[in-house]
Amino acid sequence: MTKHSIMIIDDEKIVGDMARLSLEQDGYEVETFLDGRSALDRLEVRPFDVVVTDLKMKGVDGLQVLRTVKKRHPKTVVIMITAFANLDVAIEALRDDVHDFFPKPVKLKELKASIERALGKDGGH
Amino acid sequence: MKIEYKVYFSNAVLIGLIVLLGSFALHDLNQILTKFRFTVIADELNASFLAMRLAEKNFILYRDPAVLVGIEGMIDDAADSLDEVKDDITRAVGLENYSRLRAYMDDYALMIGEARRHASVGSQPSEEMQKRLRHAGQRLKEFSESMTSLEQRRVGAIIAKSKSVLLYSVWGIVLFALLFTHLIVANIGLSLRKVVELTQSISKGHYEKIEEKPTSDEMGAVISAINVMASELQRREQEILQSKRLASIGILVAGVAHELNNPLNNISMIAQTYAEVYDHLGRGQRIDFMHRVEEQTERLRVIIKNLLDFSRPKERHRVKNDVNRVVHKTVDLVQNMLDVSNIQLRLKLADNLPAVYIDEHQVQQVLVNISTNAIQAMGDSGELLIASRYLADSGDAEIEIRDTGKGIEPKFLDHIFDPFFTTKEDGGTGLGLWVSYGIIKNHGGNLRVESSVGDGTAFFITLPSYMKIKECSDDETQHHDN
């Protein structure tokens with residue numbers, strides 16, 4: 001079985017570091033990025049099954065990442081996390097077919113459950 | 001007294017003076033008219049007396065009694081005219097002179113009557129009678145003529161007097177009008193100047209009032225109204241400030257939520273991951289996890305400290321201080337940053353600065369904040385200008401910190417003093433300028449910014465002089481005493 005690939009984008013380095021540790025433990029292939037621009041550059045090179053992105057970032061923000069990913073790789077699932085939940089942004093993200101929306105602090109278990117649902121797994125390994 | 005009443009009063013006085021002058025002139029004109037009527041009558045009488053004297057001479061020469069009858073007729077006519085114009089004549093020359101004239105005429109008539117009686121019996125008038133007749137005629141004519149010339153002289157005198165009265169009165173009225181107008185205008189001008197000064201100071205945001213007791217006139221009412229307006233404006237400004245404060249609390253809360261959430265999320269994720277992967281971690285990795293938690297709590301601590309700095313300012317230790325000294329101390333602190341970034345420092349410090357009354361530590365914090373921003377905005381090279389100057393208009397001291405950095409986009413300029421607002425790529429706390437603004441405002445000063453994209457940014461910090469603050473606090477003490 002091929003490993004599912006997950007891209008994590010957050011300007012907080014710890015988010016990527018911790019998510020990678022936890023997700024790799026669960027058998028995912030994880031790449032982390034600190035800004036939207038370099039993440040999009042990477043997406044030019046290869047697709048990912050799941051993109052978990054922070055909403056508020058300098059330069060290319062989470063919504064731009066969402067739109068670009070959906071345009072380029074419609075099958076890729078995008079999950080958004082944000083430090084400051086804002087209903088307007090959430091609605092906008094939903095319109096752009098975001099899979100899930102998590103406010104910080106993120107519960108890793110919930111995030112993983114969401115990823116699993118997105119990938120069609122029934123939970124548990 | 002109200003200006004309205006002053007103007008009424010002055011006009012009333014002027015009208016009174018003009019009426020008085022007019023009545024004097026009217027009185028003089030009436031007198032002249034009376035005298036003129038008299039001289040007309042007197043001229044007729046004089047002509048008639050002259051005719052009588054001529055007839056009298058003819059009688060003495062030709063002894064014709066018919067001449068005497070003619071004279072009697074003329075005397076009767078003159079007497080009738082005199083009776084007719086008795087009032088006019090008495091008004092002009094007085095009853096005494098009129099009676100004398102009448103007496104002389106009666107006397108003359110008596111003489112003529114006597115001569116006629118003598119002549120009617122055919123006897124010649126004696127030398128004595130002739131003499132008396134001539135004498136009575138002469139006296140009548142001379143008296144009448146002297147009256148006439150006397151009245152003519154009087155008319156001349158009245159006209160001369162009228163002329164000088166008119167002349168002086170007109171000058172008097174003009175002078176009074178000028179003096180009174182000057183007094184009223186000077187009064188209004190003085191009050192208006194105060195109003196102008198006050199409105200100028202209000203437009204600069206100083207809501208002081210004209211403290212002296214307002215006068216009871218219209219200007220007093222204007223000044224009272226402006227005083228009321230000033231306090232009303234001040235009250236409303238307070239309200240606006242309050243609502244701005246509430247709005248900035250809203251921004252603050254949003255910012256706090258976001259800023260606190262990131263490190264909180266980090267700690268949470270570290271903890272969750274730590275629990276998940278605990279069994280696979282070596283001792284060093286476990287310690288590294290805990291260090292990371294420690295870093296995030298430190299980050300939280302800094303945010304909270306900055307928040308507290310602004311929301312609950314530390315007890316200020318304000319002392320009389322020299323602006324340039326604080327600038328030099330700041331330069332010492334940022335010199336290393338300047339050297340590392342290869343940034344030239346240019347100091348342009350004025351030597352005529354007023355002493356200021358500041359908490360040195362806090363003001364230095366502001367200067368360091370702004371200088372650090374400037375250095376970061378310039379990157380690897382540039383020039384940092386720190387200038388101080390005396391603002392003659394307000395008597396304040398001003399510090400300018402100008403960089404040659406990338407500048408701030410106009411759309412951001414309105415927000416740079418908002419809490420948690422930052423344009424820094426690496427994400428500053430967004431609290432530096434916000435805290436700086438609070439510190440300078442707490443010092444009664446002002447912090448403003450000018451920026452143009454590509455050219456750089458300049459911050460201007462104004463601090464009120466020590467003297468000004470002392471005066472204000474003295475005033476306050478006095479008001480409290482009152």
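In what order do the elements of chain A run from the N terminus on?

## Order of elements

In this predicted model, the elements of chain A follow the order β-α-β-α-β-α-β-α-β-α, read from the N terminus. Five helices and five strands are found in chain A.

## Dimensions and packing

Chain A has a radius of gyration of 13 Å, which agrees with the value near 14 Å that a compact globule of 125 residues would have. Along the principal axes, the C-alpha atoms of chain A fill a box of roughly 35 × 30 × 25 Å.

Of the 125 residues in chain A, 52% are buried. Among the contacts in chain A with a separation of 6 or more, 60% are accounted for by residues 24 or more positions apart.

## Contact with chain B

How many residues does the contact take from chain A and from chain B? Chain A gives 21 residues to the contact, and chain B gives 23 residues.

Between them, chain A and chain B bury about 2,100 Å², with 56% of this area on carbon and sulfur atoms. On the side of chain A, the residues that lose the most area to chain B are A:Ile14, A:Met18 and A:Lys58; together they account for 27% of what that side buries.

How values were computed. Residues are numbered from 1 along each chain as its sequence is written. Chains are lettered from A and ligands numbered from 1 in the order in which they are written. This is a predicted model: local features need pLDDT of at least 70, side-chain atom pairs count only at pLDDT 80 or more; totals for chains, interfaces and linings use all residues. Side-chain values use heavy atoms; hydrogens and water are left out. Helices (H or I, at least four residues) and strands (E, at least two) are DSSP runs, numbered from the N terminus. The radius of gyration is taken over C-alpha atoms; the globule rule is 2.2 Å times the number of residues to the power 0.38. Buried means under 20% relative accessible area, exposed over 50%, partly exposed in between (1.4 Å probe, protein chains only). Contact means heavy atoms within 4.5 Å. Buried area is the accessible area (1.4 Å probe) that two parts lose on being put together, summed over both.
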